Amino acid sequence: MIKDIQQEILRIKKEKHITILAHSYQAEEIQEIADHTGDSFRLSELAAKDPNDTLIMCGVHFMAETCKLLSPDKKVILAMAEQLSADELRQLKKQYPGHTVVAYINTTAALKTECDVCVTSASAVEICRKIENDKILFIPDCNLGAFVAGQLPEKQIRLIKGGCPVHAAVTEEEALTAKKQHPGALLLVHPECVPAVAKHADYIGSTSGIVSF
């Protein structure tokens, strides 16, 4: 059944000259039919060089947005709901006046314009530590925000309910099972993982390196 669907997708994309971009988080079945796979910025760079004028991004909103920024003349297609709109963020800012708004870089351009500073998973703790204001509203990833809050107990960090569904799908039970099956292996998790998983990690790291151990 999956193979039949894949073949039909391959036929249609060839017929309509469409390029499929798949983030590394995507399932194997999606990556198998993608023209390019990788992390978000790498996909944007490859999309800019691709000869096709229509791109399908198998990822999240900001990834498709970055593709469009680097390929303004191309049509970028994405089917993905937003977790937080600019209007909702403006309401949160009214609800929490006096807070410095920190945005994870994996957000839309509209949200970035409403924030005071953007951070990556590797830089979030250090940047938040250097913010003079002790009151921080961290958006949109509550798991990364919780990791930052754990590292900076002196800060009052407010979080919203948002995050990466791929990271949220990994459960504590799965992490413990993996450690039992591979007792000699270290468990490395991304700061976006849920706290229940992160607490069993040997290292917490980003794509650019280890940020905590």
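**Close-up views of a predicted model**

**View 1. Met1, Ile2, Ile5 and Ile9 make a nonpolar surface patch of about 400 Å².** For a patch, residues need over 30% relative accessible area and no salt bridge; like charges are joined within 9 Å, and nonpolar side chains (Val, Leu, Ile, Met, Phe, Trp, Tyr) within 5 Å. A salt bridge here is a side-chain nitrogen of Lys or Arg within 4 Å of a carboxyl oxygen of Asp or Glu. Areas come from the Shrake-Rupley method with a 1.4 Å probe, and for residues only the protein chains shown count as cover. Keep in mind that this is a predicted model: local features need pLDDT of at least 70, side-chain atom pairs count only at pLDDT 80 or more, and totals for chains, interfaces and linings use all residues. Residues are numbered from 1 along each chain as its sequence is written, and side-chain values use heavy atoms, with hydrogens and water left out. Ile5, one of the patch residues, sits in helix α1 (residues 2–15). Ile5 is partly exposed, at 40% relative accessible area (buried is under 20%, exposed is over 50%, and partly exposed is in between, with a 1.4 Å probe and protein chains only). Helices (H or I, at least four residues) and strands (E, at least two) are DSSP runs, numbered from the N terminus.

**View 2. Lys13 is a buried residue of helix α1.** Its relative accessibility is 13%. Which residues does Lys13 touch, leaving aside its neighbours within four places in sequence? They are Ile18, Ile20, Ile33 and Asp35, where contact means heavy atoms within 4.5 Å.

**View 3. His17 has a positive phi of about 55 degrees, although it is not a glycine.** Why point that out? Most residues other than glycine have a negative phi. You'll find His17 in the loop between α1 and β1 (18–23). With a relative accessible area of 52%, His17 is exposed.

**View 4. Helix α3 (residues 40–49) has buried residues: Ser40, Leu43, Ser44, Leu46 and Ala47.** They cover an arc of only 165 degrees around the axis, which puts them on the same side of α3. That arc is the one spanned by the directions from the helix axis to the C-beta atoms. Among the elements covering these buried residues are β1, β2 (36–38), β3 (54–58) and α4 (61–70).

**View 5. Helix α5 (residues 86–95) has a buried side and an exposed side.** Ala86, Leu89 and Leu92 are buried. Look down the axis of α5 and its buried residues fall within an arc of 110 degrees, so they line one face of the helix. On the other side of α5, Asp87, Lys94 and Gln95 are exposed. What covers the buried residues of α5? The cover includes β5 (100–104), α6 (109–112) and β7 (135–139).

**View 6. Phe138 is buried in strand β7.** Its relative accessibility is 0%. Beyond its neighbours within four places in sequence, Phe138 is in contact with a list of residues including Val102, Val119, Cys128, Leu144, Val148 and Ile160. The C-alpha atoms of Phe138 and Thr100 are 8.4 Å apart, although 38 residues separate the two along the chain.

**View 7. The peptide bond from Ile139 to Pro140 is cis.** Its omega is near -10 degrees. For background, most peptide bonds are trans. Pro140 belongs to the loop between β7 and α8 (142–151).

**View 8. Lys130 is exposed on helix α7 (residues 124–130).** Its relative accessibility comes to 63%. From Lys130 to Leu159, 29 residues apart along the chain, the C-alpha atoms are separated by 19 Å.

View 9. Cys58 counts as buried at 18% relative accessibility, while Cys142 is partly exposed at 23%.

**View 10. Zooming out, the chain holds 11 helices and 11 strands.** Its C-alpha atoms fill a box of roughly 55 × 45 × 25 Å, taken along the principal axes. Of its 213 residues, 40% count as buried. The accessible surface comes to about 12,200 Å², and 55% of that belongs to carbon and sulfur atoms.
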